[in-house]
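Here is a colleague's note on the model. Please read the points with the structure open beside you.

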Amino acid sequence: MNEKTKSIPLANGATADPAACAGCPMHNAGNLLKLGVDMSDWDYVIALAGNPNTGKSTVFNALTGLHQHTGNWPGKTVTRAEGGFSYGNKQYKLVDLPGTYSLLSTSVDEEVARNFVLFGQPDVTIIVVDATRLERNLNLALQLLEITDRAVICLNLIDEAERHGLDVDDRRLARDLGVPVVPTSARSGDGMDDLLKAVHGVATGEIVCKPYRIKNTSGSIQRAIAELTAQLTNAFPNLPNARWVALRLLDGDQEIIEAVKSGGIGELQVEE
């Protein structure tokens, strides 16, 4: 891929820091190994997430070419595709997560996608959205941005949107979501160089995201979130995102409730 690409619109409050440490991956290698992903020969791991029928597989193929293979997630019948690419003298492993509409874990696919982002802590999560159905796709995007601070929105099928007379303001969307947004047409390869540039920037710390987080003006809700978050952090010190778990508890997520009661919420934590 050619690195000489146009500038990427930065997110609201995001900063570009050329002096950021380029050798500090954020992924949890121990948890990734438990999830069946070996990072021995790779610098960064990238998760590829999105709703079904957004062109996610086309994005995966465009980024990895022939450098890919398939298998199953450990203990699951769900197929996992992995691939790789090089950019900026770094080696990237790309993991294609099951296409889902949410992370509420009402299906095995949703559970797999949620656990990978929550416990594997990928260096970047590429969230593929369909530019012609943006409102519907943003539901999953907002859920992912509650879990991870390191994401890039791949605004795919932008050519279809233009064909239907839809004008998507990617720069405003980037400001509103707090992460880079890159218009692409994966079928033709348009925008893929820009996508790689944005992913590389987030992975290396040159782009620092400040993702939008759902806010509630109710003081009682905020106090409950803070109290639950503190209790979860105390009980499970290595839990990657206690705030998200607290939100799921308040929302009555039965699987999360049972996982906390049994201690299973910490199963993928790396042992001290």
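1. Helix 2 across the sheet. Helix 2 covers residues 56-64. Helix 2 lies across strand 2 (44-50), strand 3, strand 4, strand 5, strand 6 (124-130) and strand 7 (151-156). Helix 2 runs at about 40 degrees to strand 4. Angles here run from 0 to 180 degrees between N-to-C directions, with axes as lines fitted to C-alpha atoms, for helices over the stretch in contact. Helices (H or I, at least four residues) and strands (E, at least two) are DSSP runs, numbered from the N terminus.

2. Helix 7 on the sheet. Helix 7 (residues 192-204) also packs on the sheet. Helix 7 touches strand 2, strand 4, strand 5, strand 6, strand 7 and strand 8. Contact means heavy atoms within 4.5 Å. The direction of helix 7 makes about 170 degrees with that of strand 7.

3. Ground rules. This is a predicted model, where local features need pLDDT of at least 70, side-chain atom pairs count only at pLDDT 80 or more, and totals for chains, interfaces and linings use all residues. Residues are numbered from 1 along each chain as its sequence is written, and side-chain values use heavy atoms, with hydrogens and water left out.

4. How many strands does the open sheet have, and in what order? The sheet has seven strands, in the order 3-4-5-2-6-7-8, with mixed pairing. The edge strands are strand 3 (68-72) and strand 8 (181-183), and each pairs on one side only. The twist averages 25 degrees from one strand to the next. Two strands pair if DSSP finds at least two bridges between them. Strands of a sheet pair through backbone hydrogen bonds, either parallel or antiparallel.

5. Strand 4 and its neighbours. Strand 4 (residues 79-87) and strand 5 (residues 90-96) run antiparallel, joined by seven bridges. Along this pairing, Ser86 has Gln91 as its bridge partner, and Gly84 stands opposite Lys93. Strand 3 and strand 4 are antiparallel too, with five bridges. There, His69 stands opposite Glu82. Seven of the nine residues of strand 4 are buried, so strand 4 is largely enclosed by the rest of the structure. Buried means under 20% relative accessible area, exposed means over 50%, and partly exposed lies in between (1.4 Å probe, protein chains only).

6. Two hairpins. Look at the glycines here. The hairpin of strand 3 and strand 4 has six residues between the strands, and Gly75 takes a positive phi near 75 degrees. The hairpin of strand 4 and strand 5 has two residues between the strands. In its turn, Gly88 has a positive phi of about 55 degrees.

7. His200. Is His200 buried or exposed? At 11% relative accessibility, His200 counts as buried. His200 is found in helix 7. His200 touches Tyr87, Gly88, Lys90, Tyr92 and Glu206, leaving aside residues up to four places away in sequence.

8. The structure holds eleven salt bridges. A salt bridge is a side-chain nitrogen of Lys or Arg within 4 Å of a carboxyl oxygen of Asp or Glu. One of them joins Glu82 and Lys93, with the closest N and O atoms 3.4 Å apart. Glu82 lies in strand 4 and Lys93 in strand 5, so the pair ties together parts that are eleven residues apart in sequence. Glu82 is buried, at 4% relative accessibility. Lys93 is buried as well, at 7%.

9. Salt bridges elsewhere. Arg133 and Asp130 meet through their side chains (3.1 Å, N to O). Arg133 is partly exposed, at 44% relative accessibility, whereas Asp130 is buried, at 2%. Arg187 and Glu160 also form a salt bridge (3.1 Å, N to O). Arg187 lies in the loop between strand 8 and helix 7 and Glu160 in helix 5 (residues 158-163), so the pair ties together parts that are 27 residues apart in sequence. Arg187 is exposed, at 54% relative accessibility. Shared partners join Asp159, Glu160, Arg163 and Arg187 into one network of salt bridges.

10. Helix 9. Which residues of helix 9 (residues 242-250) are buried? Ala242, Trp244, Val245, Ala246, Arg248 and Leu249 are. The buried residues of helix 9 pack against helix 3 (108-120), helix 4 (134-147), helix 8 (219-235) and helix 10 (254-262). Just after helix 9, Gly252 takes a positive phi of about 80 degrees.
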